Each structure stands twice: as C-alpha cells, then as structure tokens.
There are 2 protein chains.
Amino acid sequence: MSSVTIIGTGNVAYHLAKAIKAVPGYELAVVAGRTPDNLVPFKGIARHICKLEDAPVSDITIIAVADDAIETVVSKAPYTSGVWAHTSGSKPMKILQHFTHYGVFYPLQTFSKAVPLDFKEIPIFIEAHTDDALEQLRGLAFALSKNVQNLNSQARKQLHLAAVFANNFTNHCLAIANDICNESAIDFKLLKPLLEQTIKNAFDQNPKLAQTGPAKRLDKTIIIKQLAQLKKPAQKEVYKALSNSIFKYYE
Amino acid sequence: MSSVTIIGTGNVAYHLAKAIKAVPGYELAVVAGRTPDNLVPFKGIARHICKLEDAPVSDITIIAVADDAIETVVSKAPYTSGVWAHTSGSKPMKILQHFTHYGVFYPLQTFSKAVPLDFKEIPIFIEAHTDDALEQLRGLAFALSKNVQNLNSQARKQLHLAAVFANNFTNHCLAIANDICNESAIDFKLLKPLLEQTIKNAFDQNPKLAQTGPAKRLDKTIIIKQLAQLKKPAQKEVYKALSNSIFKYYE
C-alpha cells in the first residue's frame with residue numbers, strides 16, 4: 001500500500017483525490033491546502049486534511065495547484081522524501097529539482113467539480129527524473145487510467161498548446177455560437193448533433209479532410225455578410241483570423 | 001405517395017436521397033445533375049437520373065446545390081409546378097420566387113458521402129412562402145427527422161453563422177491541434193476524451209461557464225510562450241484573436 005498526498009483543492013485535485021480513493025493499492029493519506037473552507041469537500045475522501053506546512057510524509061506527493069503557485073508550494077514543502085510530481089501541462093519538470101525523486105503527472109482533461117468523470121478514460125502523461133520516480137508515477141497512473149504515456153517536458157508543452165486549441169478555443173467558438181443563437185431566440189442545443197458529428201469526423205477521418213464552409217472555398221460574399229452580422233469587434237477579429245487561416249491551409 | 005426530385009449530386013443531395021428512399025409515403029422519383037459521372041452513385045437510389053433540363057414534374061423539388069449555383073438552377077428549371085425548396089443556410093427564401101409554391105428545407109449537419117448519418121437526429125429548419133409549401137415541406141421533414149422547426153430567412157442566416165463557428169471554426173482549431181501533435185509525434189487521438197468532455201460540458205452546462213485556460217485568466221507568461229511555439233503566422237493570428245476575445249468575454 002502506497003500513501004499519496006495531494007497538495008491543492010481545485011478541480012484537478014478534487015477529481016484526482018476521488019479517483020485515488022477508489023483504487024486498490026493506494027491510500028489517499030492527505031489533502032493539503034491553504035484555505036480551510038476549500039478543504040471541506042475532501043473530508044470524506046482523504047484520511048487527513050491540513051495545511052501544507054503540517055502535512056506528514058507520504059510515498060507520493062502530487063502538487064495539483066495553479067501553474068504559478070507550484071514554486072511557492074516547493075519553497076514551503078515540509079519534507080523532501082518520497083516522489084514529488086506536479087500536474088501542469090506547461091511547466092517543466094525541473095521546477096521540482098529541490099526534491100530527490102520528482103516528475104510530472106499530467107492528466108489531459110478539462111476538470112470541473114460539478115461534472116463527474118471516468119478517470120479510466122483520461123490519458124495520463126508521465127515524465128520522471130529518476131527510475132524510482134518513473135516507477136512510482138507510472139504505477140499510480142496505471143492504477144487510475146487505461147491510457148498512460150511517457151512524455152518529456154518539451155513534447156508536453158506542445159500537447160498543452162494543442163489542448164488549448166482543442167478545448168479552450170473550440171469552447172470559445174461554441175460560446176460565440178451560443179450568443180448568436182440567443183440573439184435570434186434559437187435553441188443552442190439544436191447545434192449538438194452538428195458538434196458531435198464534427199468531433200466524430202475529425203477523429204475518425206482527419207480534421208484537415210473534414211473542413212467545409214465559406215472560408216475554405218473563399219466565398220467572399222458570405223464572408224463579408226457574416227462579418228457584418230457579428231456585433232462585437234473581438235468576434236469579428238476571431239472570424240477574420242480563423243477564415244484567413246483556413247483559407248491559407250488549403251491554398 | 002408524393003414524388004420528390006432532388007437537384008444536385010453533392011453531399012447534402014446524397015444523404016437526403018438515401019433518407020428519402022428509406023421513408024414510406026415518398027418516392028424519390030428523380031435526381032438531376034449536370035455531370036453524368038456524379039449521377040452514378042444515385043442509380044440504385046432514385047427511380048430516374050437525368051439532366052436538370054430533362055427532369056419530369058414532381059410534387060416536391062429540392063435544390064441541393066452550392067449556394068452560388070441556386071440561381072442558375074432556377075433559371076434552367078424545366079417546370080414551375082409543385083413545391084420548390086433549397087437547402088441553403090445562408091440564401092434567402094425569395095431567390096425561389098420564380099415558382100408559385102416555394103420555401104427552404106435546411107438540414108443542420110455536416111455532410112460527407114463517406115460518413116453514414118442518422119437523418120432522424122438531424123434538425124431540419126423549414127420556411128415557406130405559401131401554406132401549401134409549408135404543409136408539403138413540413139410533411140417531408142417530419143418523415144425524415146424527429147426535430148423539425150420553422151425558421152425565417154433572417155434567423156436562419158444567424159443559425160448558419162452560429163454553425164460556421166460551431167463546425168467550421170472548431171474543426172479548424174482541431175486541424176491546428178492535429179498539426180501541433182504531429183510535430184511532436186503525439187497521437188492526435190489522445191485528445192478525443194478531452195474534446196468529448198468539452199462538447200458535453202458546453203451543452204450540458206453552458207460554454208460561457210465551461211471556459212478555462214490561459215486566455216481567460218490572462219496568464220501572459222504562457223500566452224507569450226505559446227505564441228512563440230506556433231510556426232505559421234496565420235495560426236499566431238488565430239491564437240491572438242481567440243485569446244483576446246476570450247479575455248474580453250470575461251472582463
């Protein structure tokens with residue numbers, strides 16, 4: 001039985017804690033955080049909740065905090081033993097070099113406390129500084145997910161950028177589509193079959209082959225009309241930049 | 001039994017023809033097109049294939065051609081009887097005013113010949129100039145789909161713009177994500193669970209609430225680094241425009 005400590009009380013920490021609690025071979029010993037109120041949801045999940053400074057030693061310690069807070073956590077770490085890892089897609093592994101055994105444990109998913117997730121389906125990307133760290137982090141990852149990959153810091157940075165396009169930017173395109181629907185009292189949910197098919201085509205075939213629309217065929221009449229339909233200047237810029245990039249992609 | 005003629009041999013025509021062939025109460029009498037080779041796939045589906053000029057009279061005639069070709073079809077129409085409709089999201093109904101009974105029959109989906117579709121799940125938006133046209137077009141739409149809505153030309157133009165964001169633009173974001181993965185030999189398919197969750201959150205909750213990422217929290221350090229990671233200028237512009245629009249959205 002390996003003990004695990006999670007530092008952080010956000011969405012990643014929450015889903016990770018619930019998943020670790022549910023798998024055999026691991027004990028979620030501690031969840032540590034600054035704000036007592038934020039620790040409340042972890043009461044029934046972790047054996048112990050406390051401030052970082054008071055956290056007892058664990059076999060594996062996972063720092064699941066905002067990117068900019070990782071270095072503060074490192075500077076306040078109450079022990080250096082065991083394996084330490086962070087969950088960031090964009091931060092390099094070496095910001096944990098204060099520890100002897102360290103690595104990265106990056107689950108590729110969008111996490112929200114209100115939405116239950118099946119951790120088995122979430123790809124986990126591992127990087128490690130020592131063989132010990134690699135073995136421990138891969139062991140935990142395989143206990144949680146059926147999809148575990150090794151990935152170095154450079155490639156992980158690329159994957160994180162790809163995820164910004166695939167999640168953050170597609171979601172914002174949907175937010176704009178939602179606004180446009182609302183303006184005309186059209187139910188946004190009517191777009192769901194279109195979206196599901198879009199995702200299916202992109203992954204079953206290839207998004208490059210699946211592209212359609214006025215920008216691809218440089219239909220200037222529609223492009224000019226649609227630009228005029230958009231009210232917010234920032235949305236016009238999104239429309240122009242995406243149309244231009246699509247057109248150049250197939251030139 | 002109502003007879004239906006489809007003018008056009010593209011992706012929309014193909015899926016519509018197959019769907020009409022499969023429902024009771026309608027006979028797919030004719031598929032008409034300019035190029036004999038393009039008519040070949042319709043041989044087993046329509047009773048008759050021919051050039052537009054040779055098409056015999058039908059109860060319902062659906063013009064499923066590219067937006068810019070609709071007016072040419074109208075000018076060459078060999079008869080004006082029955083109900084005529086086009087399938088365009090962006091063209092107004094009145095471009096069919098040459099006919100007595102006319103309207104619009106807009107199925108909201110992305111169509112590709114290679115990908116089978118369940119027409120029952122595709123929302124169909126109807127507009128009609130006469131009660132006769134409305135009755136006939138709604139009848140056909142309800143035979144094909146469980147989701148039929150009336151929508152005027154102005155609102156349909158808005159819906160089409162929403163669909164450009166939801167399909168064309170999200171697909172291009174995925175094409176860029178695919179390229180970024182390829183550069184680092186990362187399997188693009190690893191992003192599929194992230195995308196499925198993104199779509200689920202956007203429709204179960206609301207895309208505005210589901211937004212995360214560096215642009216929303218104006219994390220300039222990551223934004224500058226990620227801009228530097230992108231190689232194509234057009235992709236940098238997409239990144240900038242979307243990040244700026246996201247930031248302004250939550251200001």
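**Figure 1. Interface of chain B and chain A in the predicted model.** Across the interface of chain B and chain A, zero salt bridges are found, a salt bridge being a side-chain nitrogen of Lys or Arg within 4 Å of a carboxyl oxygen of Asp or Glu. Polar contacts between chain B and chain A amount to 32 residue pairs, both residues at pLDDT 80 or more. A polar contact is a pair of N or O atoms within 3.5 Å; within protein, one must be able to donate a hydrogen and the other to accept it, and residues adjacent in sequence count only if both atoms are side-chain atoms. The side of chain B that touches chain A draws at least two residues from each of helix H5 (153–183), helix H6 (192–204), helix H7 (207–210), helix H8 (220–229) and helix H9 (233–249) of chain B. H5(B) gives the most to this side, with 27 residues. By residue class, the side of chain B that touches chain A has 44 nonpolar, 29 polar and 15 charged residues; Ala, Val, Leu, Ile, Met, Phe, Trp, Tyr, Cys and Pro count as nonpolar, Asp, Glu, Lys and Arg as charged, and the others, Gly among them, as polar. The contact (heavy atoms within 4.5 Å) takes 88 residues from chain B and 88 residues from chain A. About 8400 Å² is buried between the two chains, and carbon and sulfur atoms give 68% of that area. Buried area is the accessible area (1.4 Å probe) that two parts lose on being put together, summed over both. Helices (H or I, at least four residues) and strands (E, at least two) are DSSP runs, numbered from the N terminus.

**Figure 2. The two sides of H8(B).** Buried residues of this helix are B:Ile222, B:Ile223, B:Gln226, B:Leu227 and B:Gln229. Seen down the axis of H8(B), these residues fall within an arc of 155°, so they line one face of the helix; the arc is that of the directions from the helix axis to the C-beta atoms. B:Lys220, B:Ile224 and B:Ala228 are exposed on the other side of H8(B). Buried means under 20% relative accessible area, exposed over 50%, partly exposed in between (1.4 Å probe, protein chains only). The buried residues of H8(B) pack against helix H5 (153–183) of chain A together with H9 of chain B.

Figure 3. B:Asn167 is buried, with a relative accessible area of 6%. Its side chain makes polar contacts with the side chain of A:Thr198 at 2.8 Å and with the side chain of A:Thr212 at 3.5 Å. Not counting residues up to four places away in sequence, B:Asn167 touches A:Leu194, A:Thr198, A:Thr212 and B:Thr110.

Figure 4. A:Leu161 is buried, with a relative accessible area of 0%. Leaving out residues up to four places away in sequence, A:Leu161 touches B:Ile180, B:Gln226, B:Gln229, B:Leu230 and B:Tyr239. A:Leu161 and A:Ser90 lie 71 residues apart in sequence and 8.2 Å apart in space, C-alpha to C-alpha.

**Figure 5. Positive phi at A:Leu218 and B:Ala185.** A:Leu218, in the loop between helix H7 (207–210) and helix H8 (220–229) of chain A, has phi near 45°. A:Leu218 is partly exposed, with a relative accessible area of 34%. B:Ala185, in the loop between H5 and H6 of chain B, has phi near 55°. B:Ala185 is exposed, with a relative accessible area of 72%.

Residues are numbered from 1 along each chain as its sequence is written, and chains are lettered from A and ligands numbered from 1 in the order in which they are written. This is a predicted model, in which local features need pLDDT of at least 70, side-chain atom pairs count only at pLDDT 80 or more, and totals for chains, interfaces and linings use all residues; side-chain values use heavy atoms, with hydrogens and water left out.
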